[in-house]
Amino acid sequence: MAILFKNIKELLQVRSSPLSYVSGLEMGKLPTIKNAFLVIDQELIVNYGTMDECPKGTFAEVIDASGKMILPSWCDSHTHIVYAGNREKEFVDRIKGLSYQDIAKKGGGILNSAKTLQATSENDLYNQSKVRLEEVIKLGTGAVEIKSGYGLTVEAELKMLRVIKRLNENYPIDIKATFLGAHAIPSKYKENRKAYINLLINELMPKIEKEQLANYVDVFCETGYFSTEETQLILKAGKKYGLIPKIHVNQFTAIGGVQVGVAHNALSVDHLEELRNEDIDCLKNTNTMPVALPSCSYFLSIPYTPARRIIDAGLPLALASDYNPGSTPSGNMNFVVSSACIKMKMTPEEAINAATINGAYAMGLEKQVGSISIGKQANIILTKPINSYQVIPYSFGNPLIEKIYLKGKDIH
Ligand code: NIG
Ligand code: FE
């Protein structure tokens, strides 16, 4: 039975005609309806408009949203929520002066997380990960992408992907899975990188396809991790197994990862903290979504992705959390949106677009989520009473959420 929300102070991100994403100047426009109503039925959004057109029929529930706003749930297109243990010791090492790269060179970083994960049972990994998934759901995330990449062996990578699949089956949130076996070269293969890449391509990819465990393929294309040539090999192979590229590029150094992503029709290129003009030019007139991860910049004290240069060049931009144990132990999308405004000089309109419709596109879910549109999933955030939607990024760190609905269900 349907639920009616009435007297909504402002209904945000209302899109009556379907669109895939917004770019450039369009990112600065956030369509809203003031004094609105919204009807959701079963899993879907079925009607909305201004209060003077509010339907009179009978509803299972009528919610008076006076003073409150409704927006689509956040779409977090880049996370590593499935992991084992934490890396707070490395956090302290960084406070004392070591860099992220110094720690990785000493066998810490991704290899450290892989060691812990390999020794963790699938059940335990599921139980640790579901706590984080529940946490981000409560923070208003309604669709999420989750990567493997802390396994780095055939068994452990499959274990991660099976956990992602189980989470997707057991929770009402939409989850897209990404195979990130190329996250780091395991110590065992240090002198024989080719053998590890062969294992990813020839052993893991066929198994992943057979069990239908992933939608996307990712590579950490970075100095000290995977070269552009290696990235190309992996993306090309991924395509054969039906895996679309979504890749980590330009986090610490610009080595041509954006160009590789675009050449392989990547759905998104993520991080982009170090961005050359030629990288921006290469993204023009493509279907590849640039994705910024400001919580990662905050936590590692590295530069923020130059959002202004990207948007002012007419490009789209999505925002995601990068929730992971090493560079971003947080999946708070409200904090991401705030940081984008405060540190990257995005306007609230741009940041909300980037964290909803553009995030949905960056995980292939733009037809299902990311805006208030008839026929889309009823994934919504009902805010506490707020003065204007600018308060959403302004009030960083203070959750303004009163209620969350996922596929039409009130989530406690
Ligand atoms: O996106 N940059 C690569 N991967 C993660 C961090 C991995 C880790 O430190 O565990 C990221 O920041
Ligand atoms: Fe990441």
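Modeller: Helices (H or I, at least four residues) and strands (E, at least two) are DSSP runs, numbered from the N terminus. In this structure, E350 has its place in helix α13, residues 348–355. The model is predicted: local features need pLDDT of at least 70, side-chain atom pairs count only at pLDDT 80 or more, and totals for chains, interfaces and linings use all residues. Residues are numbered from 1 along each chain as its sequence is written, chains are lettered from A and ligands numbered from 1 in the order in which they are written, and side-chain values use heavy atoms, with hydrogens and water left out.

Biologist: Does E350 count as buried or exposed?

Modeller: Buried means under 20% relative accessible area, exposed over 50%, and partly exposed in between (1.4 Å probe, protein chains only). E350 has 5% relative accessibility and therefore counts as buried.

Biologist: Which residues does E350 touch, leaving aside those up to four places away in sequence?

Modeller: A contact requires heavy atoms within 4.5 Å. On that basis, E350 touches M27, G28, R308, I311 and K345, residues up to four places away in sequence not being counted. As for G28, its C-alpha atom is separated from that of E350 by 4.9 Å, although the two residues are 322 apart along the chain.

Biologist: Which residues coordinate the iron ion (ligand 2)?

Modeller: Donors are N, O and S atoms within 2.8 Å of the metal (3.2 Å for Na, K and Ca); water is not among the atoms, so sites may look incomplete. Here H78, H80 and H248, each through NE2, and D322 through OD coordinate the iron ion (ligand 2) at 2.1 to 2.2 Å. The spacing of these donor residues in sequence is H-x1-H-x167-H-x73-D. Since H248 lies in strand β10 (244–249) and D322 in the loop between β13 (318–319) and α12 (333–344), the pair ties together parts that are 74 residues apart in sequence. H248 and D322 are both buried.

Biologist: How many residues has the largest nonpolar core, and where does this core lie?

Modeller: In soluble globular proteins, nonpolar side chains tend to be buried together. A nonpolar core is a set of buried Ala, Val, Leu, Ile, Met, Phe, Trp, Tyr and Cys residues joined through side-chain atoms within 4.5 Å. The largest one has 115 residues, and L133, F179, L319 and M346 have the most contacts inside it. Domain 1 (3–73 + 372–411) and domain 2 (75–361) both give residues to this core, so it lies between them; the domain bounds come from an automatic or database domain assignment. Beyond residues up to four places away in sequence, L319 touches partners including C75, A292, P294, V336 and M346. Another core, of 19 residues, lies apart from the largest one, with L38, I70, A378 and I380 among its members.
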